[in-house]
Amino acid sequence: MTGAELAAIRKAAGLSQTELAQRAGIGRHAVSYWECKAKVERSAWAVERMGEVLTLPDALVVLPVRRSSIDRRAQEMARQDALMLTTIQAVEARLKAIKANRRVRCKAKTRKGTACQMKSEPGKRRCKFHGGRSTGPTTVEGRARIAEAQRKRWARWRASQAVKAAGLVS
Ligand SMILES: [Zn+2]
């Protein structure tokens, strides 16, 4: 292929030198350089890039060109995936931060028998007077007491579920 043929193919595609250069990701001077040459080196880097935009003769060299185009698409997809992941992580981090600082109504039972109207400690469900600052039992006895309370609580819950299920069946 001669440089003149390359220019003819470009014009047939309705592209200016600048447009071809932009689409191929090369400099405009590379386009004019090769269009002035008597023989166009099909394996030259800039020519390969032009071959991704234009249909150039010499099919043998087209294959690796297609390959690089596929690689670029894969790269672009990977980049978008990474961007999406970053966005999701940012949103998750933001939600976590909101949750960690959220203050709700304490509602613990007071001595009057009404619900506590204090705001909870940030990220906790109880106010500072009703255990909101507690990080849980630390002694062996304390931990055992909580474990036992939890065991009883969930046993009650399971029993109530069984009753409900039985009610649905009958
Ligand atoms: Zn309270």
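Guide: What follows starts at the metal site, moves through the loop around it, and ends with the helices.

The model is predicted, not determined by experiment. In it, a zinc ion is held by four residues: Cys-106, Cys-116 and Cys-127, each through its SG atom, and His-130 through its ND1 atom. The distances from the zinc ion to these atoms run from 2.0 to 2.4 Å. The angles among the four donor atoms are 101 to 118°, and the site is tetrahedral. For comparison, the ideal angle for four tetrahedral donors is 109.5 degrees. Along the sequence, the donor residues follow the spacing C-x9-C-x10-C-x2-H. Two of them, Cys-116 and His-130, lie in the loop between α5 (62-101) and α6 (140-169) and are 14 residues apart. Cys-116 has a relative accessible area of 6%, so Cys-116 counts as buried, the limit being under 20%. His-130, at 32%, is partly exposed.

Another residue to look at in the loop between α5 and α6 is Lys-107. Its phi is near 65°, which is a positive value in a residue that is not glycine. Most residues other than glycine have a negative phi. Lys-107 is exposed, with a relative accessible area of 58%.

The loop between α5 and α6 also holds Glu-121. Glu-121 is buried, at 15% relative accessible area. Leaving out residues up to four places away in sequence, Glu-121 touches Arg-102, Arg-103, Arg-126, Cys-127, Lys-128, Gly-132 and Arg-133. That list includes Cys-127, which is one of the residues that coordinate the zinc ion. With Arg-133, Glu-121 forms a salt bridge, 3.2 Å from N to O. Both partners are in the loop between α5 and α6, twelve residues apart. Arg-133 is exposed, at 60% relative accessibility, whereas Glu-121 is buried.

The structure has five salt bridges. One of them joins Arg-72 and Glu-52, with their closest N and O atoms 2.0 Å apart. Arg-72 belongs to helix α5 and Glu-52 to helix α4, so this pair ties together parts that are 20 residues apart in sequence. Arg-72 is partly exposed, at 38%, and Glu-52 is partly exposed too, at 25%. Glu-148 is partly exposed, with 33% relative accessibility.

That leaves the nonpolar part. In soluble globular proteins, nonpolar side chains tend to be buried together. The largest nonpolar core here has 15 residues, and those with the most contacts inside it are Leu-6, Ile-26, Trp-34, Val-47 and Met-50. The elements giving two or more residues to this core are α2 (17-24), α3 (28-36) and α4 (45-53). Helix α4 is also where Glu-52, the partner of Arg-72, is found. Ile-26, apart from its neighbours within four places in sequence, is in contact with Ala-21, Val-31, Trp-45, Ala-46, Arg-49 and Met-50.

How values were computed: Residues numbered from 1 in each chain as written. Predicted model: local features only at pLDDT ≥ 70, side-chain atom pairs only at ≥ 80, totals over all residues. Heavy atoms only, no water. Donors = N, O, S within 2.8 Å, 3.2 Å for Na, K, Ca; no water. Tetrahedral: all angles 85-135°; square planar, octahedral: opposite > 155°, others 65-115°. Helix = DSSP H or I, 4+ residues; strand = E, 2+ residues; numbered from the N terminus. Buried < 20%, exposed > 50% of the residue type's maximum accessible area, 1.4 Å probe, protein only. Core = buried A, V, L, I, M, F, W, Y, C linked by side-chain atoms within 4.5 Å. Contact = heavy atoms within 4.5 Å. Salt bridge = Lys/Arg side-chain N within 4 Å of Asp/Glu carboxyl O.
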